[in-house]
Amino acid sequence: MQADFLQQQLDFVSSQGLVLSTEHKAALQVSLELLRRNYKFNHVYFWGRILGLSADYFIVQGVGPNELKERKSLYSFNCMDWKLLPPATDEMIARSMLLRGRFMGDPSHEYEKTVAKKETEEQVIQDTEIKVKEEERLTSTIELINRETAVIPRAAFIMTPQNDVHRNRSFEGLSVTEAGKLKSYLHFTNPLVSKTKSILMQANLEESIDFLDCLEDDELKVFWSLQYERGNKLVILRNVLWPGYAFFHVPETTHFGHIYMGLGTKNIDFPFMI
């Protein structure tokens, strides 16, 4: 959610139970502008809130000129004092996904997990103990949620010949009809599917705006739930694998964004619920 329109955009997702207190909203309005100046970000977005047992993590992300690749995450407990998170690596994410249970609300807390490791040559199974700090788990969870759920409307961002990704000033919003289709939305993360498309399929794409993966190409589209609200004046897109995530778009306007407010745990039981 853009910091400049935070109050208005929070209202769009309030029907999903994603709300902030008046005190937190007021604190964010002040601190996010200071954050943008101090870190020299081009834009600052309120990412969401991860609920912990003793305290909650409020998350924001700042971006540079290339919004796809130049992105940093920060967390706070009071929406005023922000601390920079280290970037998540694939190894960090793999370790963090072995953990189960709630976040403690203490970045220095250290989890201990015993993992059975199989030796390929001798076929011997050994128990290996891994240690993961909560700060590492936090940044890994944010990165994983971004990879699996971050969404933008088609043509909202463009890629320049220099491979920079930034907002498309010509974007005026999706039409009411197009806003109700999964093919009108793209994953705002490094593309995986588009690189494997045939030459014939790529010929029908516009390189400057179709450089990301489309939700329509997901193997399991059942994870996405799209619905109109307020008549047809608002579109809400949810991902059932990550309860607490919601994307919104107001058709025929430039208003869109997403937010996550939840436990930071994946709904691994969903395949058994359908």
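**Figure 1. The whole chain, by its contacts and its size.** Residues 24 or more positions apart account for 58% of the contacts with a separation of 6 or more in this chain. Keep in mind that what you're looking at is a predicted model. The fold is put together from 5 helices and 14 strands. With a radius of gyration of 20 Å, close to the 19 Å that the globule rule gives for 274 residues, the chain is as compact as a globular protein of that length. If you want to draw a box around the C-alpha atoms, it comes to roughly 55 × 50 × 40 Å along the principal axes.

Figure 2. Of the 274 residues in the chain, 45% are buried.

**Figure 3. The open sheet of 8 strands.** Read across the sheet and the order is β4-β3-β2-β1-β14-β13-β12-β11, with mixed pairing. The edges belong to β4 (83-84) and β11 (224-229); each has a single partner strand, so one side of each is left without a neighbour in the sheet. Strands of a sheet pair through backbone hydrogen bonds, either parallel or antiparallel.

Figure 4. To find your way around, look for Leu-74, whose bridge partner in β4 is Leu-84.

**Figure 5. Asp-56, tucked into a loop.** Asp-56 sits in the loop that runs between β1 (43-50) and β2 (57-63). Its relative accessible area is 17%, under the 20% cut-off, so Asp-56 counts as buried. The side chain of Asp-56 makes a polar contact with the side chain of Arg-49, at 2.9 Å. A polar atom of the Asp-56 side chain also lies 3.1 Å from the backbone nitrogen of Gly-52. Leaving out residues up to four places away in sequence, Asp-56 touches Arg-49, Ile-50, Leu-51, Ser-76 and Phe-77.

**Figure 6. Helix α4, mostly under cover.** This helix takes in residues 134-149, 16 residues in total, and spans 22 Å from its first C-alpha to its last, close to the 22 Å expected at 1.5 Å a residue. Most of α4 is covered, with 12 of its 16 residues buried.

Key:
Residues numbered from 1 in each chain as written. Predicted model: local features only at pLDDT ≥ 70, side-chain atom pairs only at ≥ 80, totals over all residues. Heavy atoms only, no water. Helix = DSSP H or I, 4+ residues; strand = E, 2+ residues; numbered from the N terminus. Buried < 20%, exposed > 50% of the residue type's maximum accessible area, 1.4 Å probe, protein only. Polar contact = N/O pair within 3.5 Å; in protein donor to acceptor, adjacent residues only side chain to side chain. Contact = heavy atoms within 4.5 Å. Expected span 1.5 Å × (residues − 1). Rg over C-alpha atoms; globule rule 2.2 N^0.38 Å. Pairing = 2+ DSSP bridges.
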